[in-house]
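Subject: Structure handover

Hi,

Here is the structure you asked about. Please open it alongside this email and follow the notes below.

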Amino acid sequence: MNDEDLLADRFEEHRGRLRAVAYRMLGSVPEAEDAVQETWLKLSRTDADEIRNLGGWLTTVVGRVCLDLLRSRTARREEPIDETFVPDPVIRPLTELDPEEEVVHADSVGLALLVVLETLEPAERLAFVLHDMFAVPFDDIAPIVERGSAATRQLASRARRRVQGANLSKAPDLARQREIVEAFLAAAREGDFDALVALLHPDVALRADAGTLLRGAAASKAIRGARTVAEQALTFAPFARFAQLALVNGSVGVVNAPEGQLLSVMGVTVVDGLITEMYILSDPDRLARLDADGPVR
């Protein structure tokens, strides 16, 4: 095995963590993969023998790549992200649930948190993700954002205040979630309005994102309230018979893929036996780029 193969093997040991960092930074599966690939290219052009802590070096580099992408995205964007935006979901098969399976997905990042992260300034997002989610010291983050350690700490602090209310540590009860989501699908298939309302929190929020070309049209919407969301759910009834349960960002969600064609993905938040948030992505362009078996958690 030559030196390049050895370096590639060492890089592969860190790929999962790098994907996780990039996905939390960018909220996009394809862009996260691109950021990881760019990190590999930078490593391949570097004298790896001079790198004392490869894991830390790679995390710093992928963070810098993501920060550049976020800044470029912000500069290109003519209008701010609107309230119908849904980040790229990460989909996994829903296997038999057991305690070990729940532990595996305990560190998954929910769509609700990704929506909040999307509202942060790029430097704030970097400081929060690297420090609060991956325990990178502020002294290591400061050079990336070109600020002192104290100022970098303030960036993370401001971001932390913005994400208060998003649960970052509590692992979801997947078995209980499955019961609730299955009951929701059954009620939608049967057209049972009262059953739907009973499963929804009174202030439940639904985001449906049909893509930039259709955003603002009837297919994209942001609505709130149990009765309003239940009425919307009844319009899904013709499609509910194609729905399949899956893990969506570590929680039980729904994939609609008749004849193998992915038409929509729905992420769900369940709290105390009630659905509090629903996120539906039906943008055909973004769905086509999703890797349903992707390893990002």
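β4 and β5 pair in the antiparallel sense, over 6 bridges. Strands here are DSSP runs (E, at least two residues), and helices are runs of H or I with at least four residues, numbered from the N terminus. Two strands pair if DSSP finds at least two bridges between them. This is a predicted model: local features need pLDDT of at least 70, side-chain atom pairs count only at pLDDT 80 or more, and totals for chains, interfaces and linings use all residues. Residues are numbered from 1 along each chain as its sequence is written, and side-chain values use heavy atoms, with hydrogens and water left out.

The hairpin and its sheet

What sits between β4 and β5? The two strands form a hairpin with 2 residues between them. N249 is buried, at 6% relative accessible area. Buried means under 20% relative accessible area, exposed means over 50%, and partly exposed lies in between (1.4 Å probe, protein chains only). Across the pair, V248 stands opposite S251 in β5.

β5 is largely enclosed by the rest of the structure, because 6 of its 6 residues are buried. S251, G253 and V255 point one way, while V252, V254 and N256 point the other way.

The whole sheet is open and has 7 strands, in the order β1-β4-β5-β6-β7-β2-β3, with mixed pairing. Its edge strands are β1 (91-92) and β3 (221-224), each pairing on one side only. β2 (residues 200-209) and β7 (residues 274-281) run parallel, joined by 6 bridges. L206 stands opposite M278 in β7. Helix α9 (residues 174-190) packs on the sheet and touches β2, β4, β5, β6 and β7. The direction of α9 makes about 35° with that of β5. Helix α11 (residues 226-235) lies across β2, β3 and β7, at about 45° to β2. Contact means heavy atoms within 4.5 Å. Axes are lines fitted to C-alpha atoms, for helices over the stretch in contact, and angles run from 0 to 180 degrees between N-to-C directions.

The cores

How many residues are in the largest nonpolar core? It has 59, and those with the most contacts inside it are M25, L43, L117 and L126. Helix α1 (residues 3-26) gives the largest share, 9 residues. Apart from this core lies another, of 31 residues, among them I180, L196, L206 and A240. A nonpolar core is a set of buried Ala, Val, Leu, Ile, Met, Phe, Trp, Tyr and Cys residues joined through side-chain atoms within 4.5 Å.

Leaving aside neighbours within four places in sequence, L117 contacts R24, R125, F128, V129 and V163. Helix α6 (residues 122-133) is mostly covered: 9 of its 12 residues are buried. They include R125, L126, F128 and V129. Just after α6, A135 takes a positive phi of about 55°.

Salt bridges

The count is 13 salt bridges. A salt bridge is a side-chain nitrogen of Lys or Arg within 4 Å of a carboxyl oxygen of Asp or Glu. Three of the pairs:

- R15 and E12 meet at 2.8 Å, N to O. Both lie in helix α1, 3 residues apart, about one turn of the helix. R15 is buried at 17% relative accessibility, while E12 is partly exposed at 42%.
- E33 and R19 have their closest N and O atoms 3.1 Å apart. This pair links distant parts of the chain, with E33 in helix α2 (residues 29-44) and R19 in helix α1, 14 residues apart.
- E118 and R73 come to 3.0 Å between their closest N and O atoms. E118 is in the loop between α5 (111-117) and α6, R73 is in helix α3 (residues 54-76), and they are 45 residues apart. E118 is buried at 11%, and R73 is buried at 12%. Salt bridges that share partners join E31, R73, E118 and R125 into one network.

Best wishes
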